[in-house]
Amino acid sequence: MTNYAEVIGHPISHSKSPLIHRFWLNQLGLVGEYQARDILPEHLDGYFRERAADQEWRGCNVTIPHKIAALDHVTDLGDVRSSIGAINTVFRGVNGILVGTNTDAGGFYGPIADLPLAGETAVVIGAGGASRAVLFALGQADIGEVVLLARNVLKAAGLLSHFGLKGRVLPLTARLPDSALLVNASPLGMKGQEPLEIDLTPLPEHAVVYDLVYAPIETALLKQARARELEVVDGLEMLVGQAAIAFELFFGVAPPDDEENALRELLLK
Ligand code: NAP
């Protein structure tokens with residue numbers, strides 16, 4: 001019996017998940033496989049029916065455009081639908097039931113878990129799916145105030161209320177407030193997207209700048225932050241973090257944590 005997991009989406013060829021999970025399977029010497037599957041929206045129901053009956057299938061990561069629709073095919077034990085609103089992982093729970101969860105929030109939070117953020121101000125750029133996972137995580141971290149910079153300020157204000165966060169919404173062109181953490185959760189600065197134009201001058205010396213964008217890995221935002229000698233976190237850290245949580249849910253063991261540099265090299269090739 002060969003246990004396996006997958007990543008499903010449409011399109012899917014760009015996904016880095018197979019590289020990450022296969023790397024860990026190899027490092028641990030586990031007998032298992034991880035594949036990418038291009039699944040059209042109209043085939044999602046059939047996909048889950050088929051896989052539910054296949055005991056070798058340990059679960060799947062879920063990406064665009066299935067992150068919301070997949071909720072209809074799983075048990076939502078953690079009430080993800082009413083919080084983050086989308087799942088990125090399906091795994092087999094007790095008695096083999098298919099459980100949906102979202103590992104993006106944990107993947108985001110891991111690299112900043114040791115920061116003394118309680119009571120501090122964080123700035124988050126963007127009000128889409130990634131921003132929802134970030135806001136959920138910041139809410140758990142007892143953050144003082146969240147300043148959400150977005151082009152659609154009404155949508156952003158709704159998000160702050162949804163997560164019960166204290167804070168305010170500003171347009172993307174606003175001057176940054178004094179804050180301990182700046183997170184770019186928008187595609188601005190990503191290859192093929194518009195640049196992120198932002199002045200980091202108002203940030204204090206202890207501020208951390210976290211860019212979720214990982215293509216390119218060294219974004220203009222991170223370069224600007226390094227030039228000011230601010231601490232930075234790049235998008236690969238969250239990408240690997242969310243995958244690590246999913247890997248353990250699929251295969252029952254945590255991935256090795258002493259091979260991070262080799263994995264980063266592989267992902268940057
Ligand atoms: P999304 O759901 O499409 O949301 C994108 C957000 O950015 C929306 O609020 C959108 O505004 C805003 N936006 C898009 N283009 C804009 C523009 N030209 N000017 C101003 N605002 C703009 O995307 P997502 O899933 O949240 O992903 C956002 C970024 O995070 C992507 O680069 C993605 O690759 C990255 N990401 C990284 C990880 C990781 O593991 N590192 C995980 C998830 C996502 P509207 O609300 O007005 O549409």
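Modeller: What follows is a walk through one group of helices and their surroundings.

This is a predicted model, in which local features need pLDDT of at least 70 and side-chain atom pairs count only at pLDDT 80 or more, while totals for chains, interfaces and linings use all residues. Residues are numbered from 1 along each chain as its sequence is written, and side-chain values use heavy atoms, with hydrogens and water left out.

The helices to follow are H1, which covers residues 17-28, and H7 and H8, which cover residues 235-251 and 260-268. Helices (H or I, at least four residues) and strands (E, at least two) are DSSP runs, numbered from the N terminus.

We can begin with H1 and H7, whose axes are 10 Å apart and which pack at an angle of about 55 degrees. An axis here is a line fitted to C-alpha atoms, for helices over the stretch in contact, and angles run from 0 to 180 degrees between N-to-C directions. H1 and H7 are therefore oblique to each other, given that angles under 35 degrees count as roughly parallel, over 145 as roughly antiparallel, 65 to 115 as roughly perpendicular and the rest as oblique. Their crossing is right-handed, a term used if the near helix is turned clockwise from the far one by less than a right angle, and left-handed if anticlockwise. From H1, the residues Ile20, His21, Trp24, Leu25 and Leu28 meet a set in H7 that includes Leu239, Val240, Ala243 and Phe247, where contact means heavy atoms within 4.5 Å. By class, this contact has 12 nonpolar residues, 1 polar and no charged; Ala, Val, Leu, Ile, Met, Phe, Trp, Tyr, Cys and Pro count as nonpolar, Asp, Glu, Lys and Arg as charged, and the others, Gly among them, as polar.

H1 also packs against H8, with the two axes 10 Å apart and an angle of about 145 degrees, and this crossing too is right-handed. Here Leu19, Ile20, Phe23 and Trp24 of H1 meet Ala262, Leu263, Leu266 and Leu267 of H8, and the contact of H1 with H8 consists of 8 nonpolar residues, with no polar and no charged ones.

The remaining pair is H7 and H8, whose axes come within 11 Å and cross at roughly 110 degrees, so that these two helices are roughly perpendicular to each other. Their crossing is right-handed, and the contact is made by Leu236, Glu237 and Val240 from H7 together with Leu263, Arg264, Leu267 and Leu268 from H8. Sorted by class, the residues of this contact are 5 nonpolar, no polar and 2 charged.

Two details lie around this group. A polar backbone atom of Gly235 is 2.9 Å from a nitrogen atom of the ligand.

Terms used: Polar contact = N/O pair within 3.5 Å; in protein donor to acceptor, adjacent residues only side chain to side chain.
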